[in-house]
Amino acid sequence: MTTAGSVGARPVGVALIGYGTVGQGVAAGLAAHHDRWLTQLGVDVQLRHVVVRDAAAPRDVPAPPGTLGTDAAAAVADPAVDLVVEVAGMVDEGRRLLGDALRAGKHVVSANKALLSAHGEELAGLAQEHGVNLLFEAAVAGGVPIVRGLRDLVRVDHVHTVDGILNGSCNYILTAMSEGTDYETVAARAQELGYLEADPTADVSGADSLRKLRLLASMAFGGPVLEEDIDCTGIDRITAADILALKAAPGGPREVRLLGRAQLVEPGGEAYTAVVEPVAVPQDHWAAGILGSTNAVTLGADQVGALTFSGPGAGRHETASAVLTDLVDVLLGAVPTSSPLGDRRLRNTRDEVTGRWYVRSSDALSTQLEPLLERTHLTSPLSGLTGVVRRSELQPWLDDPGSCVIRWEPAAHDLDAQEDDR
């Protein structure tokens, strides 16, 4: 159908795979921006397919007439489709569908962090081979433009550190626990509010943050930092007593945040470390002020120093906005088709990670913990702050479901003292 202003406009057909919260937000955004893009960009964007598993399921945003279907392969293969938007969360099937789309010369925009973490280099390689885009702003930190910011920064600077609160659900839980509420109560409330899935394992175990860190670190360092290269500890063993102990810590109260961190051991070098873990940060640390379900990422680079991006990490409109931003970049041809993940050879040095940790031990491991503690908080259950140790030395407590391990972040004056000592 020809619309006002569409004569001479370039038609762009879109297939939308997945029509849950984010997919409905994308469809609503495409409708809302259609006429403006037609006028300003000279493109007539048409949503041709909306692919779902159950066409009869009720939805807040009705799909455009004639678009709803269940055959994803047919939608991807449609010659009238130029761009595939995938927000369904499938991994194995998603790999096949998006691979087919890229091989057919179709651009892909995805919000699927699990798929991209598992198969990012493969899919990015296909995009590069066939001269199309694979964009994934919405896969990391929802509405926060961190992928775009990092993509632009690595073109002109050397990024050596990625440090972020990458899961809003965990940050909501830890913020509420800081006010004295126990983990079980807060987690139940988070599920009622829709921050946590019915099965919260991916969030509270740290797996969701790990996948996002894997993508950001690979972009930052120009080579694959894979899931198995990242050590991971979640928040599900933290109790209100642990939070209170750290708020009363010597040297000033600390807030606990789940941080994903990756850094080059030497700027410009090939050796790196990467870990997701709860961290007790001092009040003047940037992460202490990130409250509720907010996401935030700090990038450290040689020339510009530290840049922090923060904002909503989830939500229909917030995540859909990130998808639509990628879509506009495709329409404008604004992003190179080369892989943003890179193929540089990197070397993981996880065994060299050292620091101090707050540890609460199960009774079975208390005797082993005593020699490692620099300061004891309680004797039953045994808990306290270690001296400087390798993270690998704490593996028995990291593996023990009855223990809790939280990294201790030095305050600024602690770092100054360490410099003076050297």
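The following dialogue discusses how to read several features of a predicted model.

Reader: What is the strand order of the open sheet of six strands, and how do the strands pair?

Author: Strands (E, at least two residues) and helices (H or I, at least four) are DSSP runs, numbered from the N terminus. Two strands pair if DSSP finds at least two bridges between them. Here the order is β3-β2-β1-β4-β5-β6, with parallel pairing. β3 (68-69) and β6 stand at the edges with a single partner strand each, so one side of each has no neighbour in the sheet.

Reader: How many bridges join β4 to β1, and how many join β4 to β5?

Author: Strand β1 (residues 10-17) pairs with β4 (residues 83-86) in the parallel sense over four bridges, and Leu16 has Val85 of β4 as its bridge partner. Four bridges also join β4 to the parallel strand β5 (residues 107-110), where Glu86 stands opposite Ser110.

Reader: Of which hand is the crossover from β4 to β5, right or left?

Author: A crossover is right-handed if, with the strands pointing away from the viewer, the path from the first strand over the helix to the second runs clockwise. The chain passes from β4 through α3 to β5 in a right-handed β-α-β crossover. Two bridges join β5 to β6 in parallel, with Val108 partnered by Leu134 of β6. The crossover from β5 through α4 to β6 is right-handed.

Reader: At what angle do α3 and α4 pack, and which residues meet?

Author: Two packed helices are described by the angle between their axes and the distance between the axes. The axes are lines fitted to C-alpha atoms, for helices over the stretch in contact, and angles run from 0 to 180 degrees between N-to-C directions. Helix α3 (residues 92-103) and helix α4 (residues 113-130) pack at about 10°, with axes 9 Å apart. These helices are therefore roughly parallel (an angle under 35 degrees). Contact means heavy atoms within 4.5 Å; among the residues that meet are Leu98 and Leu102 in α3, and Leu123 and Leu126 in α4.

Reader: Where does the backbone hold a cis peptide bond or a positive phi?

Author: Most residues other than glycine have a negative phi, and most peptide bonds are trans. The bond from Ser380 to Pro381 is cis, with omega near -5°, and Pro381 is found in the loop between β15 (373-379) and β16 (382-386). Ala141, although not a glycine, has a positive phi of about 65°. Ala141 is placed in the loop between β6 (134-135) and α5 (146-156).

Reader: Is Ala141 buried or exposed, and which residues of α10 are buried?

Author: Buried means under 20% relative accessible area, exposed over 50%, and partly exposed in between (1.4 Å probe, protein chains only). Ala141 is buried, at 2%. In helix α10 (residues 240-247), the buried residues are Ala240, Asp242, Ile243, Ala245 and Leu246. Elements that these buried residues pack against include α6 (168-178) and β14 (354-360).

Reader: Which residues does Gly260 contact beyond its neighbours within four places in sequence?

Author: Gly260 lies in strand β9 and is buried, with a relative accessible area of 1%. Beyond those neighbours, Gly260 is in contact with Val162, Asp163, Gly164, Leu213, Val275 and Val276.

Definitions and conventions: Residues numbered from 1 in each chain as written. Predicted model: local features only at pLDDT ≥ 70, side-chain atom pairs only at ≥ 80, totals over all residues. Heavy atoms only, no water. Parallel < 35°, antiparallel > 145°, perpendicular 65-115°, else oblique.
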